[in-house]
Amino acid sequence: MAADMHRNKELEQDDKLYLWHPFTQMKDWLENDQLIIEDGHGVYVRDIYGREYLDGISSLWVTVHGHARPEINEAISRQVGKISHSTLLGLSNVPATRLARRLVEITPPGLNKVFYSDSGSTAVEIALKMAYQYWQLSGRSDKTRFITFRNAYHGDTIGSVSVGGIDLFHATYRPLLFPTLQTESAYCYRCALGQTYPDCRMACLDQLEKTLEERHAEVAALLVEPLVQAAAGMLVSPPGYLTRIRELCTRYDVLMIADEVAVGFGRTGKMFACEHEGIRPDLMSLAKGITGGYLPLAATITTDRVFEAFLGEHEEFKTFFHGHTYTGNPVACAAALANLDIFAQDRTLENLQPKIRWLAEALRRFIELPHVGDVRQCGFMVGIELVASRETKEPYPTAKRMGHQVILKAREMGMIIRPLTDVIVLMPPLSTSIEELGRMVDIAYEAIRVVTDE
Ligand SMILES: *Cc1c(COP(=O)(O)O)cnc(C)c1O
């Protein structure tokens, strides 16, 4: 025990001495006590002192079937016993091949070719480069631009930041980024056009239509987060929105890139968000839940039409000159295969439906809290937007860090969550039981009530 205390203190010191945490003001980090996670099982994680917490955000939106699922752990060990790395450059490997077939089988019809990488950001970059080069190779070298949405988030590399639309994260880098044609997003609670759904008839998409009408000749592709702009604060778009985007892309011969990094693998209640409206994108980016949250892996999946444009003789240089050292890593692919097996074995999506309905019901009482402005839910993705005034929708002053205060209170009560500014996010693993879900919702409610009451 004494040895443990020594180890724990050393870990805490070393974290502060040697680590730089992502999306974190390190001054604040260094001044406060921090949590170090040691292990996890199911929907729980445990810190180095043995304290247990509910994992209310699926680690970072990745955990699907819970932590330390024996089937995934074993699949990883089995693959490590065979080989841990074998490149896809000039060679192939067994799990990468098997997984590619499975992904083609489960993604929307028409998506037939899988290109691997290792994060959501790279999966988006690859989609951008593929779409751009597709038109270059198709004799339409004028089609070079991308249409993006305000409030979009597609990752943190320079290319994926270029197509992002969250000023807080992206504005600093503007001079480094390529310009895009940005269109209005469906943030219905704070509609930029001052309209109300459904009377608006999705007027925000009229702006998109106008842009396409005028500039489609120079547009390579449109990027969209289907159903939910997640990092922006779980902004759920209305029914029919995605359908109209697909129609516009088709009409103006613009490739549609669906970034399903956050919404894919069951999050919205279907395997992929595009399925809710029977949408067939031209390219789809996948990451986060692909391995159930066990190892980094990503995939960009596209159509035969796009793939075939790249076919040619060696000396024609139509090759897609892109690849990462860990592309198609066999251990990560083995984890992803095990993750998909559990979807079938546990009937995850079927069992999820009553839990989604239960969650919707349980969230109704949040709107009674005087500082809750909006409650948004799509499947197992929830955003609860806190406001200083419900009447005027005025946000809290940034310095108050209300979202942060709420998650610290929730932590005291035994749950880990992470806010998006003043939007409290709940992203339970899909395996969460109704009873566990109830505890998560109760803690979130109490934490919000106590903090906003002060
Ligand atoms: C998280 C996310 C990304 C970036 O994924 P990383 O693995 O963090 O690079 C891209 N797009 C969406 C929609 C995301 O939610």
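The paragraphs that follow treat the ligand site and then this pocket.

The model is predicted. Within it, the ligand is surrounded by Trp-61, the run Ser-119, Gly-120 and Ser-121, a further run of Tyr-153, His-154 and Gly-155, and then Glu-225, Asp-259, Val-261, Ala-262 and Lys-288. Sorted by class, this shell comprises four nonpolar, five polar and three charged residues.

The backbone of Gly-120 contributes a polar atom 2.8 Å from an oxygen atom of the ligand. Ser-121 takes part through its side chain, where an N or O atom is 2.6 Å from a ligand oxygen. For Lys-288, the corresponding distance between a side-chain N or O atom and an oxygen atom of the ligand is 2.7 Å. As for burial, the ligand taken alone exposes 380 Å², and the protein buries 83% of that area.

Attention now turns to the second largest pocket, which has a volume of about 670 Å³. Its lining consists of 30 residues, of which Val-114, Phe-115, Met-130, Phe-307 and Phe-320 are the closest to the centre. Which elements give two or more residues to this lining? They are helix 5 (94-106), strand 4 (111-117), strand 12 (298-303) and helix 11 (304-309). Strand 4 gives the most, with four residues. In terms of class, the lining of the second largest pocket has 15 nonpolar, twelve polar and three charged residues.

Definitions and conventions. Residues numbered from 1 in each chain as written. Predicted model: local features only at pLDDT ≥ 70, side-chain atom pairs only at ≥ 80, totals over all residues. Heavy atoms only, no water. Near = heavy atom within 4 Å. Polar contact = N/O pair within 3.5 Å; in protein donor to acceptor, adjacent residues only side chain to side chain. Areas by Shrake-Rupley, 256 points an atom, 1.4 Å probe, with all protein chains shown as cover. Nonpolar A, V, L, I, M, F, W, Y, C, P; charged D, E, K, R; others polar. 1 Å grid on protein atoms, 1.4 Å probe; cavity = no way out; pocket = protein on both sides within 12 Å on 5 of 7 lines; lining within 4 Å. Points joined across faces, edges and corners; volume = space filled by probe spheres on them.
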